[in-house]
Amino acid sequence: MIPVPVISLRIIGPAAVLAVTGFVLMLLDLLPPRGRREHLAFVGLGGVVIALIATILLWGSDTTGFQGMAILDNLALFGTLVIGYATGLVLLESIDYIKRRSAESGEFYILVLFAAAGMVIMAGANDLIVVFLGLETMSLALYVLAGFFRTEIQAGEASMKYFLLGAFASGFFLYGIALIYGATGSTNLDKIGAAVRAGAAKEPLLLIGFALLLVGFGFKISAVPFHMWTADVYEGAPTSVTAFIATGSKAAAFTALLRVLLESLRPLQGEWGWLFWVLAVLSMTLGNVVAIAQQNLKRMLAYSSIAHVGYMLMGIVAGGGLGGGSVLFYLLVYTFTTAGAFGVILLLERGGVEAVGVADTAGLAARSPLAALALALFLLSLVGIPPTAGFVGKFYLFGAAVRAGYLWLAVIGVLNSAAAAYYYLRIIVNMYMREPEGVPAVVMPSFAGSLAVVVALWGIIQLGIFPAPLFDLAQSAVLPLLR
Amino acid sequence: MSAVLSTVTFLPLLGALVIFVLPRRSEALVKVTALVTSLIAFAASVPLYARFDAGTAEYQFVEQRAWMPAFGISYHLGVDGISLLLVLLTTFLMPLTLLASWHSVERRWKEFAITMLLLETGMLGVFVALDLFLFYIFWEAMLIPMYLVIGIWGGPNRVYAAVKFVLYTLVGSLLMLVAILALYFQHGSATGVFTYDLPVIARWVVPGGRGQILLFLAFSLAFAIKVPMWPFHTWLPDAHVEAPTPGSVILAGVLLKMGTYGFLRFCLPLFPQATLTFAPWMFTLAVIGILYGAWVSTVQPDIKKLVAYSSVSHLGFVVLGLFTLNQQGIVGGIIQMVNHGLSTGALFLIVGMLYERRHTRLITDFGGLWKIVPALSVLFLVVTFSSIGLPGLNGFVGEFLILVGAFQVSRPLAVIATSGIIFAAVYMLWMYQRVIFGEVTLEENRRLTDLSAREWVILVPVLAFIFWIGVYPVSFTGKTETSVRALITQVQTKAAATVALASP
């Protein structure tokens, strides 16, 4: 007799809420009023808020379900928290933005919610197949979203490039799963972990499989050398989608990566430790160096995001509760900072078109002091200047690296931060110290967009001055996996 | 537990928040609010001096609250004889600086006031923080306001100067961050107490050898760039020349002292063995800085650039004093920090006043001012003498003590350093002569007006202190003696302990 699977919806609660909200939006999309679609965004936002509340209520759970394929523990919940914030901010930022670009349609919000559901599934996956399931749900939605301004040539390039390279990465990922299955006889993370401890570690198949898996993850987090798509996709995608790709998809991939590393492959840390510091050094150095040369804000932030992935990989190299906790904390910080920065940028228009050039920000402080101040604070957080959250986040990451004995890695990290200051400050220089040439950029009015910026600002200040509570949560999300 | 230090430190921040909500149109209201805030902060800091107990080397007015207990980070403030005078110098200079900006800052006064007040909070925080993490926060946070002051209200080449200033400082301070982290974990794993609390860490003896030397070098680089010591000084002339008058006054008056203060507060007590190892090097660099600064000053055509390079020379004296590691040298160094803040601050104020009148700072554009603006000329003369170190004025006290200290350590270097005073007389007096004496060569100069009431109010308090310190320095040195003695004892005993640890 086939056993009836025990289905506990609680375990996939937040993901289910997001997915169901997506379905509700699909239905609502068919109903009048025909011309306006912003109510869909608010319903979606409601779903996100419910998912966030559920996340907070479920905090402290530690159960698996669906035959051990899904897991609900603090790590999954922390990942969900970050993804939830990212989704909420992105929805708020999108409402007036896509309307202004006359691309408003119900599919946009529906896809955002399905992508979010996929991300949350990744964060709560306890089985490589489920990781893949979440990854694909998220990616397919994001491929479409990246090309959402379909009349624009860059949008097509972004979507196509993201899709093709993403498909390759998925192929690697799947092949990796297959090899790991061959080596250990399971795709379940606990069982792989048990097999590794039992001696499968020496199996070359496992190492190759893991390396292939890493290619897939490296692509999603855009670590060098798997970063080639990043700048073009960030540039061509709608700016709010860029924010989503930069924050939500990275949070999901990092959470899943942390779980795979800590739960299944911790005995092999000696084998993969060096791999990650190579990736970290490459990512932060290349990201920062190339960012210096960028004249487009979105491309600049794309390379900056590669650099930030490098910093986060330092936390993975360091390992332990401090290392893992600081990666999670940084994900949250990075989400607020980056979503906020993109949130300000997408409000800018110059002569009727989106203003995304570094030069477009010239003189902004004189005309829109509040928008300029907000963007300046986000940029300072990216530099890592106290009292913004960016500083505390880096402080924990560098601290973890130093503690684990990677003093030289921390030194490379801080030298990179100093170099990065140059290109972030260039925008502040433009906003505060230069006069615009020709038609100046203006800030488009948007209540929802401003609200998103305010929430993100609150996030970076709160986390910058009182980081302890959330860092403790982040650390408590990782510690159980280390037992 | 009193909250005097928190009040003094965060009053300017409060003022900045108030100004943030004030309407942009009412510029007068903004100006008055900023000035009043800085005056209240000064008034609030006076009791620190009055109630300071000079008989103990302990930190006073201590405040400590848990902040991130899991990491041993606390909100810990306090002052001792080393930081007290610098706190007072900061609160004293800020109202004068704001008053000096009254007309010279022509645009965006609201942003200017906010930036300056944030800067004040940052600087005060650096001097009163007793937790390494907290110290670092203030140290970095104050970078941005200064960057904005130079970059927004500065001269034609301001953006270059501002970015150079930030990048130079950032490289140094980020390496210091890594050193702070390394120190934290080293201390934690050795003693079992993970804390960023400075007094606690200072009780522990950092193991000698390569580790201590690296830590010392990382901290020293950050401070050497800030001072700035030769050869890390190249950002300073750019920053000073481009900065507006208030920026220069604060930069010279307070910001540069953060470097020398850092040496005293962190390098000496935490890394005594490395300090002893590197003292001869520091000594040599300081003497090179004294001579180099003086020589380069001599040939400057621009008064402001001249004063900027003279800072390199003067700060060389301070560093020389600190690394004598004896009582006279260090007390002299501390008092010289204050002196430099007053004299060079006043010089920049006067240069600013000249610039406001003539819109030029080139020495050759002046000449014969004595007959036209007698009051300005007299005050300028006093400040010039103070900067040279004429007996009876403040500069003499500091330089004399430093040289007494230096003679006990290395006679040849002390002799060379003394020649720096002679060169100072050369470049300052020569500059003064060309600007003030002689015939009026340019017609524009005949129309100059003498000091306004506002300018009298700015300069007189500074001159009062210049005379006070010159005539009766004990009011100020007396506050520092005990702390300095304790510091020297600490350096010696810990250095001995380090050696003892290493040898068995």
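Student: How many helices and strands does chain A have?

Tutor: Helices (H or I, at least four residues) and strands (E, at least two) are DSSP runs, numbered from the N terminus. Chain A has 19 helices and five strands. This is a predicted model: local features need pLDDT of at least 70, side-chain atom pairs count only at pLDDT 80 or more, and totals for chains, interfaces and linings use all residues. Residues are numbered from 1 along each chain as its sequence is written, while chains are lettered from A and ligands numbered from 1 in the order in which they are written.

Student: Why is chain A described as compact as a globular protein of its length?

Tutor: The radius of gyration is taken over C-alpha atoms, and the globule rule is 2.2 Å times the number of residues to the power 0.38. For the 483 residues of chain A the rule gives 23 Å, and the radius of gyration is 21 Å, close to that, so the chain is as compact as a globular protein of that length. Its C-alpha atoms fill a box of roughly 70 × 55 × 40 Å along the principal axes.

Student: What is the secondary structure of chain B?

Tutor: Chain B comes to 20 helices and two strands. Its radius of gyration is 22 Å, close to the 23 Å from the globule rule for 504 residues, so chain B too is as compact as a globular protein of that length.

Student: What percentage of chain B counts as buried?

Tutor: A residue is buried if 20 or more other C-beta atoms lie within 10 Å of its own, exposed if 12 or fewer, and partly exposed in between; C-beta atoms are placed from the backbone. In chain B, 60% of the 504 residues count as buried. In chain A the buried share is 63% of 483 residues.

Student: Which residues have the most contacts inside the largest nonpolar core?

Tutor: A nonpolar core is a set of buried Ala, Val, Leu, Ile, Met, Phe, Trp, Tyr and Cys residues joined through C-beta atoms within 7 Å. The largest has 394 residues, and those with the most contacts inside it include Val112(A), Ala115(A) and Val178(B). Helix 7 (residues 158–191) of chain B gives the largest share of this core, 20 residues.

Student: At what angle do helix 3 and helix 13 of chain A pack?

Tutor: Axes are lines fitted to C-alpha atoms, for helices over the stretch in contact, and angles run from 0 to 180 degrees between N-to-C directions. Helix 3 (residues 74–100) and helix 13 (residues 320–345) of chain A pack at about 5°, with axes 10 Å apart. Angles under 35 degrees count as roughly parallel, over 145 as roughly antiparallel, 65 to 115 as roughly perpendicular and the rest as oblique. Helix 3 and helix 13 of chain A are therefore roughly parallel to each other.
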